[in-house]
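Please read these notes with the sequence and the model open side by side.

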Amino acid sequence: IISVGSPYDIAAKLNVLQSRSRLPLLISADLEWGAAMRVTGATAFPQIMAAGATGRPEDAYAIGRAAAIEGRAVGIHVNFAPDADLNNNPLNPVINTRSFGEDPKAVGQLVSAYVHGLHDYGMLATLKHFPGHGDTETDSHIGLPVIAADYARLDTLELVPFRAGIDAGADVVMSAHIAFPAFTGSGEPGTLSRAVLTGLLRDSLRFRGLVVTDALMMGAIVARYGAGEATVRAFLAGSDLLLYPSNPDSAFAAMNAAVVNGRISMARLDSSVHRLLEIKSHLGLFTQRYASLSGIMATVGAKRFQTAAQDLAVRALTLVRDSTGTLARLRATRTRMALIAYADEFNGSVGLPLADVLRQNGDTVDYFRLWPMSGTLSYDSARTVINRNPVAVFAANVKPISFRGNIALPDSLALMIAATDSLRPSMLVSFGSPYLLNQAPRVKTYLVAWSGIRSAERAAARAILGLSPIGGHLP
C-alpha cells in the first residue's frame, strides 16, 4: 500500500522495492475517485456518488480508466476500488459519497463499468466492503457495526452490486469488519467469518479471485482479537491477503506459529499463494516489474483526464430544492453575498475556488471560514458578515473521515443556517455529504456538488452564475 507522494518519488521508490524482492511485488492503493488520492498531481475526480448522480456508466468507466492509466504509470497494480456498497443508511459515517448510491441495480451497473475501466487499461479491481457496509451507523475504524439483515435481505439488496462486479471480472474482494448475526449465527465480523468469506463469497457467489481483509488495525478487529489472532482468524475464514495489521511482527509470528502447529494446513496456505502468483503472472510482473520513469510526465495529470473530471463535476451537480427561487435569482443577476464556508482541518481552502469564480464574473463575495473547533466568537463574526449582505450562501464540505465516528454539520452551524434561511434569501451548497437536510430540513435552496475538489467548486460557481446547467439527480 502506498501513501501520498509525487509521481516520480512513488515510481522510484516502488522500483527500488521491486529490485530488492526475489519475487515481483504486487502493489496496491486506494484510488476510489482517481489517482490523486495517492499521487500528487494526478487527476482528482469527484467522489463516485457523482457518477451515481449522472446515472451514466460511461462516467464510472472514465474514473476507472484514468485511475488505471495514472496508477500503472507509477507502478501500482491493484486499485482497492470500486466501492460496491449501497449507501442505504443516511447516517453511515464511513461510506456516504464513496458509494454510487442506494439503488442496487443502478449501483451494480456503475460498479461493472468502473471495473471495465480499470481492466481495459491494465489495473486490477477490488470490490469492497463485502458483503456490504452501507447500512451501518458505527464507524468500523472505532467499533464493530452490526447489521441485522438475514440472507434474503442481503441477496436482494447488498449483494446485487457485488454480483455485478464479479460478473464483470473483478479480481479482488475486500471484506467488511461488520457482524451479520442473522446470517452467520454469531457476532464475529465478516472478515473473520468462514460463513461470509468462504460459504457466501466463494461457494455461493463463485468468486475465484483474491480476498483481502479491510485494514486489520481497525478498532472493530484489533480491540477484540489482537493483532496476531485476528490475522490467523481472517486467513482461516478465507482471506488471501492480510491488510495492515496493527503489529506486523505479531501478525507474522502468529501466522508462522499457526502453520507450524497445524492450525493452518499447507494446502490452505498453498491455495492463497497460488492465487497470488497467478495474479502476478496475469499482470506480466515476472517479465516486467518496473515502472518506466520516462512516461510519467505525459501521463499523470494529462489534460484528457482533467477535462473528463471537470465535465463530470458539471454534469453531476444536483439541485435538490429551490422552493423560493433564490438560485434562479442568483443566476439571473449579479449580487452581493455572504459566503460562509465550513470544512474539517484537512480542507483549508473550502469555498475559495467558489468565491474566486463568482468574483471573476461580477458577484461581490464577503467570505468567512468556520472550522470544527470554531467557537462563539467565530459564529458571532459569521453573523456580522451575513447581516451586511442581502444574500447568504453556505458552502459545506462534510465528508467521511476515518475514526471520526460521525458525519454531520456542527449543531451551531446547522442552527445558523436555519435562522439565516428564515430571515433572508439563502442557499446551502454541499461539497460532500448529500444528507445535510437531516440537520437543516427547512432550507429552501439546496445544491449538491458531491466533492470538495477544485473542479466541483468551480462547477458549482458556474451553476450559481447561470453559466452552466444543473442536470444531476439524487442517486
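1. Basis. This is a predicted model, in which local features need pLDDT of at least 70 and side-chain atom pairs count only at pLDDT 80 or more, while totals for chains, interfaces and linings use all residues. Residues are numbered from 1 along each chain as its sequence is written, and side-chain values use heavy atoms, with hydrogens and water left out. Helices (H or I, at least four residues) and strands (E, at least two) are DSSP runs, numbered from the N terminus.

2. H3 and H14. The axes of H3 (residues 57-73) and H14 (residues 303-316) cross at roughly 150° and come within 11 Å. Axes are lines fitted to C-alpha atoms, for helices over the stretch in contact, with angles from 0 to 180 degrees between N-to-C directions. H3 and H14 are therefore roughly antiparallel (angles over 145 degrees count as such). From H3, Asp59, Ile63, Arg65, Ala66, Ile69 and Glu70 meet Arg304, Phe305, Leu312 and Arg315 of H14; contact means heavy atoms within 4.5 Å. By class, this contact of H3 with H14 has 5 nonpolar, no polar and 5 charged residues. Ala, Val, Leu, Ile, Met, Phe, Trp, Tyr, Cys and Pro count as nonpolar, Asp, Glu, Lys and Arg as charged, and the others, Gly among them, as polar.

3. H10 and H11. Here the axes of H10 (residues 227-237) and H11 (residues 248-260) come within 7 Å and cross at roughly 50°. That makes H10 oblique to H11 (oblique is what remains after under 35 degrees for roughly parallel, over 145 for roughly antiparallel and 65 to 115 for roughly perpendicular). Ala227, Gly228, Thr231, Val232 and Phe235 in H10 meet Ser250, Ala251, Ala254, Met255 and Ala258 in H11. The contact of H10 with H11 has 7 nonpolar, 3 polar and no charged residues.

4. H19. Of the 12 residues of H19, 9 are buried, so H19 is largely enclosed by the rest of the structure. Buried means under 20% relative accessible area (1.4 Å probe, protein chains only). Among the buried residues are Ser455, Glu457 and Leu465. Their cover includes H14, H15 (326-332), H16 (352-360), S10 (426-430) and S11 (445-448). Just after H19, Gly466 has a positive phi of about 80°.

5. Leu216. This residue lies in the loop between S5 (210-212) and H9 (219-225). Leu216 is buried, with a relative accessible area of 2%. Beyond neighbours within four places in sequence, the contacts of Leu216 include His177, Thr191, Leu242 and Tyr244.

How values were computed
Buried means under 20% relative accessible area, exposed over 50%, partly exposed in between (1.4 Å probe, protein chains only).
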